[in-house]
Amino acid sequence: MPEKMSDQVNLERVIEEFEMMTRDAGQVQQETLRRILEENRDAEYLLSLGLGGRTDYQSFKAHVPIVTHGDLEHHIQRIADGDPSPILTGKPITIISLSSGTTQGKPKYVPFNEELLDSTMQIYRTSFAFRNRKYPIGSGKALQFVYSSKQFKTKGGLNAGTATTNVFRSSQYKSTMMALQSQCCSPDEVIFGPDFHQSLYCHLLCGLLFRDEVQFISSTFAHSIVHAFRTFEQVWEELCNDIRTGVLTGRITVPSIRAAVSKLLKPDPQHADLIRDKCTQLVNWYGLIPRLFPNAKYVYGIMTGSMEPYLAKMRHYAGDLPLMSADYGSSEGWIGANVNPSLPPEEASFAVLPNIGYFEFIPLRENSDGVELPPVGLIDVKVGEEYEILITNFAGLYRYRLGDVVKVVGFHNSTPELRFICRRNLLLTINIDKNTEKDLQLAVETAARVLTEEKLEVVDFTSHVDLTTDPGHYVIFWEINGEPSADTLRECCSVLDRSFADAGYVSSRKVNAIGALELRVVRKGTFQLILDHYLGLGAAVSQFKTPRCIGPKNGKVLQILSSNVVSSCFSSAF
Ligand code: AMP
């Protein structure tokens, strides 16, 4: 463990480099595009488009079409099937990432390579440098709720796993984390364990064992942090017992995890009593994190976008510790770093790193005849406007629609600062209505305020368009941490219905072209079953995002929800 950060990474230099690069973002973008096209000039894909080795933006734009994952799928499949020819990249791709699939319904294959790994480390270093300048951490450990998914071989023998798994398994990750004083409390056997529930329990146990050393708490997405501490509420006595007796609970059955964690345990009744006292003194677990981890400086993870609904619970656990929202990226590649760490997650933005890919932005404002406007370059975006991002990266994606909507909220030097808005695809639509994930989130937030009168909260939520009724209607599923009265539920349901402000929805509701919104409350633990279902399909907890709309093709999740409904009601708002 380095004594001082400066032994490993010169953080001031990282910031300086970032400042320099962003001062000339336009130039860096051109150079990045040139390098990408130069390195991949012999890729079949680019040759077939007639680019002929040209590396300037005008030729690129003229020859290379804007694509979706679907357009590239057959190329990626050939790579996964073991075809060694230069298909999308000059150097063959040897690793495949599996996107979380929770946003699209099913996991997608995307190419992964060393350059993506390098940019991951660059992003980690950059945001750490800014974070550490504001909230310096001492040497110690990080309680990180990180989980690797299973790696497997594709038909062609390539290693495949979620992007986070590919990163966690790399030696670069370990050394970067060491250098950034962000070494995980838990041994590798816990991170790479085959059973998520056992890994989570052991992360909590290792966190307690190294309580005084923990400098911050983190996970990739905020959902995992909330999930971990909700679990803590259930298992804390068992954890204390393990610490008291020095013997790991029988529930940990995976031999590698058992052996690694048992080595850290020795009977410590005093420590167990101390933790028990701390837990019993808390009121409704408020401030649990700083109480248990007295030297923690902050809580860190992606808290924007579909993670925002977990913020209230995070704040509850974090008490007065700052919440810091992590960077913006995807399995397809990173985009920007949070270089303003003191902003609350609701205001977090991401400064694009102009050297990790070539970025274009499709304005979401349509032109007068309803046709999509052409994309603009990184430095040509306008503050206040919303865009869909196109990525061109070093791993074989060219003008690739990521499917995310972002808003430009400012500039850091000449690179834009983006706020994540939502996925571009509509979640809820029956006829002329258009509601996105963000609209749903806001409606749920508003309606959930009614529950606070009964001191209850929404644990998690999703939605569905029910077309089996005539007219079709929206169904919102809620898991609640208690039992509200029937009157309260009816009120929540009507508030939900009224909160979808989209003009198409409101007018359709008024003339009954869309039926009354239905609120279905599901049994406690239902969203855990949904998580388990996705894990069974090979998803990783580290990348899990609760799907916010369950389409007709997602029969299994719909069935899990439907078979756990405990009550339902219809809105009387219109
Ligand atoms: P994955 O499919 O697991 O690669 O997830 C990538 C997606 O997660 C992105 O396209 C975004 O929709 C979402 N995402 C990643 N980082 C953030 C962030 N900082 N804020 C909001 N959403 C994010």
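Which residues does N113 touch, not counting residues up to four places away in sequence? In this predicted model, N113 touches I93, F394 and A395, contact meaning heavy atoms within 4.5 Å. N113 sits in the loop between β2 (109–112) and α6 (114–134). Helices (H or I, at least four residues) and strands (E, at least two) are DSSP runs, numbered from the N terminus. N113 has 15% relative accessibility and therefore counts as buried. Buried means under 20% relative accessible area, with a 1.4 Å probe and protein chains only.

Residues are numbered from 1 along each chain as its sequence is written. Local features need pLDDT of at least 70, side-chain atom pairs count only at pLDDT 80 or more, totals for chains, interfaces and linings use all residues, and side-chain values use heavy atoms, with hydrogens and water left out.

Polar contacts are pairs of N or O atoms within 3.5 Å. A polar side-chain atom of D404 lies 2.7 Å from a ligand oxygen atom. A side-chain N or O atom of R423 is 3.2 Å from an oxygen atom of the ligand. The protein covers 95% of the 500 Å² of accessible area that the ligand has on its own, by the Shrake-Rupley method with a 1.4 Å probe.

How values were computed
A polar contact is a pair of N or O atoms within 3.5 Å; within protein, one must be able to donate a hydrogen and the other to accept it, and residues adjacent in sequence count only if both atoms are side-chain atoms. Buried means under 20% relative accessible area, exposed over 50%, partly exposed in between (1.4 Å probe, protein chains only).
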